[in-house]
Each structure stands twice: as C-alpha cells, then as structure tokens.
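Here is a short report on selected side-chain contacts. Look over the sequence and the structure, then read on.

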Amino acid sequence: MGHQIVLIAGAGLAIMIAASVFARRTGVAAPLLLVALGIGASYLPSTPAIHIEPEIILAGVLPPLLYASAVQLPVLDVRRNVALISWLSVVMVIVSALTIGALVHALFPSISFALATALGAVVSPTDAVAATAIGHRVGLPPRLMTVLEGESLVNDASALVVLRTAVAALAVTTHFSLGHTVLDFAWAVVGAVLIGLIVGVLTALLRQRLDDPVLNTTISFAVPFLAYFPAEELHASGVLAVVIAGLLTGAVGSRRFSARDRQTQATTWTTISFILESGVFLAMGYQLPELVNDARAETTVGEITALVLLVVGLLVALRFLGLAWPALQFRFGSNNRTEQTRAKLSQFEEHLDAMEPSGEREENRLAWARKRLARGQADADFEEREPITARGMLVLAWAGMRGVVTVAAAQTIPAGTPHRATVVLAAFIVALITLVGFGLSLPAVIARMRFRPESAEEKRDSVTALMRQIGEAAIDALGPLEEQTVDGEPLDPDAVSALKERIVPRLVSGSRQLRDTKPDTREQMAVLQRRYLDAMREALEAERSIGVYSSDTYRVVESFLDTFEQRFTA
C-alpha cells in the first residue's frame with residue numbers, strides 16, 4: 001500500500017509539472033488542464049479509488065493555501081479596495097447562499113431548506129486561482145487582480161460560517177435561523193481577527209529574533225495551523241484567522257525580517273501553493289466518476305441536470321446583479337466623491353499649515369496628521385489613476401469560477417443526510433462548469449475590454465523616482481557621508497570617496513572595491529553601508545504607508561534592496 005501511495009504521489013507531481021509547462025505554452029489555464037487530466041486518469045484501468053477526507057482539505061490544505069496568498073497580498077491594496085472586497089466576500093456570499101437555499105427548496109421540496117442553504121453556501125465562494133493565472137497572462141489591471149484575490153481570501157470564511165450553521169440545523173432541528181447565522185458570523189469575524197493578529201504578531205517577533213533560515217521557514221510552515229485550529233476550537237473562523245495572520249506577516253516582514261528570510265519565504269510558499277492547488281484540482285477531476293456513482297441511487301439525470309442549471313443560473317445572475325450596485329456607484333458617484341475628498345483634504349491642509357506647535361508632543365501629533373493627509377491625497381490620486389470602470393466590473397463578474405473550497409466544503413455535509421449525494425454531486429458539477437465555462441472565455445473577455453497596461457518605461461520611471469526619493473530621505477536622516485563616524489572615529493577619506501560612488505544617488509554592490517581596501521577602511525564601509533541601507537528601508541516603509549506609488553513599484557525597490565543586502569552580507 002505504501003509503495004502504491006508513493007507511486008501515485010510521484011505520478012501526480014509529474015502530471016502537475018507537465019500541465020504547468022503545457023499551460024504556459026498554450027495559454028490554457030493550468031487548473032482546467034488538471035481537472036481534465038484527473039477525469040481522464042480516473043478511467044484508466046486498475047486505477048485505485050482514492051478517498052480524501054474533506055477535513056484534510058479544509059484543515060490541512062486550505063490554511064496553507066490561504067496563507068500563501070495572504071502573505072504576498074499587499075495590505076495597501078487591500079485597504080484601498082476593502083469596501084468592494086467586503087461587499088463581494090461577505091454580503092454577496094450570504095445573500096447568494098440564502099437565495100439559492102430558498103429557491104432550491106421551493107423547486108425541489110425533497111431537499112430541506114437547511115440542506116439547500118448548505119448547497120448555496122458551498123457554491124457561493126469564488127476561487128481566484130484560475131482567474132488570476134489568466135489575468136497575469138493577458139494583462140488584467142493590478143487593481144482588479146487585488147479585488148479577485150482579496151475576495152477569494154475572505155469569502156471562504158463567510159461561506160464556511162453559513163455552511164456550519166446550516167449543517168448544525170440539519171443535525172438538530174432542520175430549522176435554519178437567520179438570527180443565529182448573523183450572531184455566529186459576528187463572533188467568527190471578531191474571534192478570527194483577534195486570533196490572527198495575536199498569532200501573526202507573536203510569530204513575527206519570534207522570527208525576528210532568530211537568525212536561522214531553517215527555523216524561520218519551519219515557523220512559517222506552522223503559522224497557518226497555529227491560527228486555524230485555535231480559532232476553530234473557539235468556534236471562530238479558522239480560515240479568516242489564517243488570512244489575518246498572513247496579511248500581518250506580509251506587512252511586518254518587510255520591516256522585521258532579513259532579505260534572506262523574505263526571499264526564502266517567497267520561494268517556499270510559492271512552491272507549496274503550486275503543489276497544493278494543482279493537487280486539489282487534479283483530485284477534483286479524479287473524484288468525478290465516484291461522485292456520479294454515489295448519486296445514482298437517489299436521483300436521476302434529469303433532476304441533477306435541472307438542479308445544476310438552476311444553481312449555475314442563480315450564481316451568474318446574482319454575481320452580475322451584485323456588481324451592478326457598486327458599478328453604478330463607481331460610474332456616477334466616483335467623481336463627486338473624489339472632488340469632495342480633495343476639498344476636505346485641502347481644508348485639512350490649510351488647518352495644519354495654520355497650526356504652530358508649542359511642544360514636542362504637538363509636533364509629533366502634527367507630523368502624524370501630515371502623514372494622514374499625504375495618505376489621503378495618495379488615495380485620491382489612486383482613485384483617479386486606477387478607477388474601476390464598467391469594463392472592470394464586467395471582468396469581475398465574469399471571473400466567478402468555483403473550485404477548491406466548493407468541492408471540499410460540500411463533502412463535509414454529514415453522511416446519512418437525505419439527498420446528500422445529490423447535493424455533493426451538484427456542487428462538484430457547478431464548480432466544474434464555472435471553472436471550464438468562465439475559465440475558457442475569460443481571456444477573450446479581458447482582451448475585448450482593451451485595458452491599457454502600464455508601459456515598461458512608466459514602470460522604470462516609477463522605480464527610479466522612488467529609489468531617488470528614499471536615497472535622499474536616508475541622507476536627510478543620517479546626514480552627509482563626511483559627517484559620519486564609526487565608534488566615534490571619523491571616516492577614512494578613501495571610504496568616503498568609495499561610498500559616494502556606491503550609495504549616492506544609487507546603491508550598487510561592489511565586493512571587489514571592498515577587497516581592494518584596507519581592513520580598517522573595509523570595516524568602516526561595511527558599517528556605513530548597513531547604516532544607509534537601514535535608513536533607506538525605513539524611508540521605503542514610510543513611503544509605502546502613504547502609497548504614492550503602486551505596490552509593484554514598492555515590491556521592485558524592496559527586491560533591489562534585498563539583493564544588495566544579500567550581496568553585501570555574503
């Protein structure tokens with residue numbers, strides 16, 4: 001048996017790699033290929049039946065998947081799109097679950113309202129894996145990518161809370177309580193946020209103190225589970241706790257972790273995410289024949305077809321209707337809101353200019369207020385620079401694929417529940433239809449929208465401007481090189497001359513220059529390099545908290561500083 005498991009795992013990895021390579025060359029989304037290959041593999045002779053417990057997916061696969069996405073998602077982008085993300089991932093998930101539950105129960109009376117709501121809950125959350133894979137390839141604007149990724153991170157928590165309440169109703173009274181769902185959801189959110197923040201802060205502090213990449217990577221592996229299981233034990237949302245911990249770790253990591261730790265973490269979690277996502281989509285296709293056999297005993301082809309068409313139609317209609325309201329707000333209220341915001345900011349700036357602080361405390365408060373003013377102005381500029389247009393809303397509506405959570409969550413419905421097999425099969429087919437239908441057509445839809453991508457020259461200019469800005473900020477903070485001292489001793493003139501060439505206006509590594517200098521001078525240069533590098537990092541974080549530039553620009557500059565640090569410390 002052990003030999004067979006190893007063989008299956010090896011074959012699965014080979015299929016994942018082959019599908020990824022083929023997807024890159026053909027343009028077809030890898031998840032679609034993996035599902036198709038999984039279906040094909042299930043019909044091969046002598047293939048064993050593989051039973052994957054849904055709890056393994058929900059507790060063992062979903063937390064690291066969500067953490068891997070959250071730790072790489074910039075908090076700046078989430079903050080700027082929090083209203084739309086919340087609308088899609090909370091309000092629309094609950095509305096979709098209840099609407100589908102009511103209509104399915106009304107048209108299929110043999111399916112109880114609680115079970116129908118459970119079906120609505122498992123098919124409501126979208127899966128952004130295929131959508132973002134397509135978006136990266138065909139040039140979807142970064143803001144739309146952020147909305148899709150942020151929605152897929154949070155909507156899992158909303159759906160699983162509704163599912164948990166519906167399953168509890170199945171087990172007890174078969175009565176679904178909306179009030180209980182609201183209270184349960186409120187605690188799930190509050191408890192998850194608290195636990196996620198605690199786990200994120202404690203693990204970040206611990207990793208900051210450990211200068212060991214192996215230990216830091218091991219702690220990183222544990223973070224999603226340290227957040228998930230305590231939250232679930234306290235009946236909060238484990239997946240939301242993981243998302244909060246991941247977002248906090250990603251934000252704190254740029255300030256507290258070393259360049260080596262950040263790059264190791266990025267590579268490690270990208271690899272883990274690839275293996276887990278690919279494995280789940282492959283398993284989706286492999287399980288289809290078994291699900292069909294289980295459902296044959298309690299339903300007919302006509303009934304399952306009608307149920308699937310109803311659910312898919314409702315999902316499509318609800319997603320387009322759900323995005324119609326924010327689309328109208330962006331269309332008709334965006335300019336007015338921006339003008340009102342700028343007017344308020346202008347008044348606030350005049351008020352700050354008129355203030356004359358009398359002490360250090362008031363000066364600190366004034367500096368904080370000016371930072372808030374700069375962030376508000378940057379947010380207003382962002383809304384004008386990257387608005388979500390009607391074309392963007394159409395793409396968001398079209399990117400309604402379902403995937404991992406839908407398949408895994410459906411199978412957590414208790415065994416023995418009447419019509420369970422029918423509901424599980426329906427959820428699986430719905431996920432498959434949306435994945436294939438929207439996945440295959442989404443590239444064409446994005447192409448028809450003709451979004452204008454940022455040119456290479458614009459990206460280069462933004463990076464250059466930010467580098468110059470943080471370099472000047474570092475010099476302003478530390479003072480000119482000639483005035484620096486190391487352990488109270490003035491700098492060697494050779495060190496000043498060499499560092500001027502390498503730090504101002506741009507950091508350029510040069511180990512050869514270090515080797516050619518005297519030992520004492522080399523030590524002074526190393527201390528000064530570290531000092532200015534730290535000052536540039538602080539300036540970068542200060543600029544990132546304001547958000548004048550795009551997240552990609554901050555990421556490129558941080559990567560440049562990381563590369564310099566690694567060359568310098570090597």
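## The surroundings of Arg402

Arg402 touches Val123, Ser124, Pro125, Thr126, Asp127, Leu315, Ala431, Thr434 and Leu435, leaving aside residues up to four places away in sequence. Contact here means heavy atoms within 4.5 Å. The model is predicted: local features need pLDDT of at least 70, side-chain atom pairs count only at pLDDT 80 or more, and totals for chains, interfaces and linings use all residues. Residues are numbered from 1 along each chain as its sequence is written, and side-chain values use heavy atoms, with hydrogens and water left out.

Arg402 sits in the loop between helix 15 (390-398) and helix 16 (404-410). Helices are DSSP runs (H or I, at least four residues), numbered from the N terminus. Arg402 is buried but has no salt bridge. Buried means under 20% relative accessible area, exposed over 50%, and partly exposed in between (1.4 Å probe, protein chains only). A salt bridge needs a side-chain nitrogen of Lys or Arg within 4 Å of a carboxyl oxygen of Asp or Glu. For Arg402, the nearest side chain of opposite charge is Glu151, 6.5 Å away. The Arg402 side chain does reach the backbone oxygen of Gly400, at 2.5 Å.

## Salt bridges

How many salt bridges does the count come to? The count is 14. One of them joins Glu383 and Arg143, with the closest N and O atoms 3.0 Å apart. This pair links distant parts of the chain. Glu383 belongs to helix 14 (residues 360-385), Arg143 to helix 8 (residues 142-171), and they are 240 residues apart. Glu383 is partly exposed, at 23% relative accessibility. Arg143 is buried, at 5%.

Arg385 and Glu386 also meet in a salt bridge, 4.0 Å from N to O. Arg385 is partly exposed, with 41% relative accessibility. Another salt bridge runs between Glu558 and Arg544, whose closest N and O atoms are 3.1 Å apart. Glu558 lies in helix 22 (residues 551-569) and Arg544 in helix 21 (residues 519-546), so this pair ties together parts 14 residues apart in sequence. Glu558 counts as buried, at 12% relative accessibility.

Arg79, Arg80 and Asp379 form a network of salt bridges. Arg80 also lies over the face of Phe382, 4.7 Å from the ring centre. A charge sits over a ring if NZ of Lys or CZ of Arg is within 6 Å of the ring centre and within 35 degrees of the ring normal.

## Aromatic pairs

The structure holds 7 aromatic pairs. Rings of Phe, Tyr and Trp (its six-membered ring) pair if their centres lie within 6.5 Å; planes under 30 degrees apart are stacked, over 60 edge-to-face, and the rest tilted. Phe225 and Phe229 have ring centres 6.3 Å apart and planes at 20°, so they are stacked. Both lie in helix 10 (residues 213-233), 4 residues apart, about one turn of the helix. Phe225 is partly exposed at 29% relative accessibility. Phe229 is partly exposed too, at 40%.

Trp398 and Phe438 pair edge-to-face: 5.6 Å centre to centre, 90° between the planes. Trp398 lies in helix 15 and Phe438 in helix 17 (residues 420-449), so the pair ties together parts 40 residues apart in sequence. Trp398 is partly exposed, at 26% relative accessibility. Phe438 is buried, at 12%. Elsewhere, Tyr67, Phe221 and Trp269 form one aromatic cluster.

Definitions and conventions. Helices (H or I, at least four residues) and strands (E, at least two) are DSSP runs, numbered from the N terminus. Lys and Arg count as positive and Asp and Glu as negative; His and the chain ends are not counted. A polar contact is a pair of N or O atoms within 3.5 Å; within protein, one must be able to donate a hydrogen and the other to accept it, and residues adjacent in sequence count only if both atoms are side-chain atoms.
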